[in-house]
Amino acid sequence: MLTPLTVAVAAAAVLLGVWCTVAALRDRSAKDWHYAAMAAVTLLTVVQLVVGVVMLAGGDRPAGDSTVVFVSYLVSVTACVPLVAMVALGERSRWGPATVAAGAFLLAVLELRLHDVWGGGIG
């Protein structure tokens with residue numbers, strides 16, 4: 001897996017999480033700019049999904065016998081932000097951005113795990 005792409009997605013997710021946490025703490029609902037940021041993070045995860053599928057199709061494999069786990073993480077990573085965005089659309093209070101923040105921080109953790117499953121290790 002491409003480490004720079006994984007780091008970029010994780011960093012973008014953390015930034016989104018911090019921004020949405022600030023909005024929730026200030027008792028604000030999710031605004032259009034939040035949704036634009038969610039779309040950008042989602043686009044990064046779609047690029048990562050495509051890169052992962054191309055690498056698997058090209059014969060590259062994750063460490064050990066974990067191809068199914070790797071594909072599961074790729075799908076989960078791609079679905080994470082759109083799912084919390086739908087929740088935020090329905091929750092027009094401070095809990096909308098709070099939900100997005102939780103999903104964004106979860107995405108950053110999923111990125112670490114995805115990198116680990118591919119064989120990059122965490123430390």
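Select Asp27 to begin: this residue is exposed, with a relative accessible area of 53%, where exposed means over 50%, buried under 20% and partly exposed in between, using a 1.4 Å probe and protein chains only. Asp27 is found in the loop between α1 and α2, and its phi is near 60°, a positive value in a residue other than glycine. The model you are looking at is predicted, so that local features need pLDDT of at least 70 and side-chain atom pairs count only at pLDDT 80 or more, while totals for chains, interfaces and linings use all residues. Residues are numbered from 1 along each chain as its sequence is written, and side-chain values use heavy atoms, with hydrogens and water left out.

Next, colour the whole chain by secondary structure. The chain contains four helices and zero strands, and from the N terminus on its elements run α-α-α-α; helices here are DSSP runs of H or I with at least four residues, strands are runs of E with at least two, and both are numbered from the N terminus.

Now select the residues of the largest nonpolar core, which has 30 residues, those with the most contacts inside it being Leu16, Met38, Val41, Phe70, Val100 and Leu107. Such a core is a set of buried Ala, Val, Leu, Ile, Met, Phe, Trp, Tyr and Cys residues joined through side-chain atoms within 4.5 Å. At least two residues of this core come from each of α1 (3-25), α2 (32-57), α3 (67-90) and α4 (95-118), and α4 gives the most, with nine residues.

If neighbours within four places in sequence are left aside, Leu16 is in contact (heavy atoms within 4.5 Å) with His34, Ala37, Met38, Val41, Val100 and Ala104.

Move on to helix α3 and select Val77, which lies in this helix. Is Val77 buried or exposed? Val77 is buried, with a relative accessible area of 1%, and, not counting residues up to four places away in sequence, it touches Thr45, Gln48, Leu107, Leu110 and Glu111. A distance drawn from the C-alpha atom of Val77 to that of Arg113, 36 residues away along the chain, comes to 10 Å.

Stay in helix α3 and select Pro82, which lies in this helix and is partly exposed, with a relative accessible area of 30%. From Pro82 to Gly96 there are 14 residues in sequence and 13 Å in space, C-alpha to C-alpha.

Then select Leu89, whose place is also in helix α3 and which counts as exposed at 52% relative accessibility. The C-alpha atoms of Leu89 and Val53 are 36 residues apart along the chain and are separated by 30 Å.

Finally, zoom out to the whole chain. Taken along the principal axes, its C-alpha atoms fill a box of roughly 50 × 25 × 20 Å, and buried residues make up 41% of the 123 residues. Among contacts between residues at least 6 apart in sequence, 80% join residues at least 24 apart.
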